[in-house]
Amino acid sequence: MSWNLLAYGKSSTPTRRGQHELLRFLRPDVVCLQEIYAADADAAQLDRLVGAIADALGMAAFAVPAKHSDCHLAILWRPEYDMLSQRAYDLLMWHGLGVVRLDVGADAPLTVAVTHLGPWNPGKQLDDAFTLTGQLPLSEAVVLGADWNSFGADPDYDHEPDWSKLPPQWIERHVRWNDDPAAPRKADRRPAQLMQRSGFHDAAPTLRVPWKATGGHRGGWRRREDIFWTTRPQALRSYHVIDTPAARKLSDHLPIVIDLDPQLDTPKRG
């Protein structure tokens, strides 16, 4: 499961409790979280916040500091899974990158990663995607839960927005730059296209599930902002968006969930 909690820690106590309740109800095996708010990269505060989530869920956790933002990351997993390694990366990424390798009882470990691309700079988003493809090995079974803050690679799945209906100040932050201001606007899909060309698979279109927005239900534009990437598409079993009144109330992002078979983690050979 992957979920942007909308400034958890700055949000109200009832909101945080509601998020705990929804997570307990969904009972995920592994959770990737974005937007855990701790000002000025306060490590102690971040650890307290992530610890509160872990305690509420009865899960183990890894807090991932974002050195260049007040919105941090975390990965949580069932305590029966052995944690083999964990690492937090800065590498000048907007919100950083967290990676945990877990023994989930399969023949090989599962590498779980979490990230959150920047909200407005396609060039920076592309830079961070280059870092992701450089740090996440195709040789391992990798699942990356991300607030992608961008577009999918395929315009036939993630359609072009109706740019005429969006606030002008939003548009140039999300289109592919063109020196001709009169040129037709096109969504900048390079971050997702780089991931795809580098061997990563976007779970939703890979499984051919109907398109569904994960943001925009509380204002703004409806788009699929949240993505699960994996190096093992053959292991994917299902993908869905948790779209309930509670989820809509608790964050400006809807949680996304995948089910995968960790035994099918060996790349197919031709």
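The following legends describe close-up views of a predicted model.

**View 1. Strand 8 and its covered residues.** Strand 8 spans residues 141-147, and seven of its seven residues are buried. A141, V143, G145 and D147 point one way from the strand, whereas V142, L144 and A146 point the other way. In a regular strand, side chains alternate between the two faces of the sheet.

**View 2. The strand partners of strand 8.** Strand 7 (residues 110-116) pairs with strand 8 in the parallel sense, over seven bridges. Within this pairing, V114 stands opposite G145 of strand 8. Strand 10 (residues 226-230) runs antiparallel to strand 8 and is joined to it by five bridges. Here, I227 in strand 10 is the bridge partner of A146.

**View 3. The β-α-β unit that includes strand 8.** Helix 3 (residues 122-135) forms a right-handed β-α-β unit together with strand 7 and strand 8.

**View 4. The largest pocket.** The space in the largest pocket amounts to about 500 Å³. Its lining comprises 24 residues, of which P119, N149, R223, E225 and D252 are the closest to the centre. Six of the lining residues are nonpolar, eleven are polar and seven are charged.

**View 5. The second largest pocket.** The volume of the second largest pocket is about 400 Å³. Among its 18 lining residues, D29, V30, I258, D259 and L260 lie nearest the centre. Strand 2 (30-37), strand 7 and strand 12 (256-260) are the elements that each give two or more residues to this lining. Strand 12 provides the largest share, with four residues. The lining of the second largest pocket has 15 nonpolar and three charged residues, with no polar ones.

How values were computed: Residues numbered from 1 in each chain as written. Predicted model: local features only at pLDDT ≥ 70, side-chain atom pairs only at ≥ 80, totals over all residues. Heavy atoms only, no water. Buried < 20%, exposed > 50% of the residue type's maximum accessible area, 1.4 Å probe, protein only. Pairing = 2+ DSSP bridges. Right-handed = clockwise from strand over helix to strand, strands pointing away. 1 Å grid on protein atoms, 1.4 Å probe; cavity = no way out; pocket = protein on both sides within 12 Å on 5 of 7 lines; lining within 4 Å. Points joined across faces, edges and corners; volume = space filled by probe spheres on them. Nonpolar A, V, L, I, M, F, W, Y, C, P; charged D, E, K, R; others polar.
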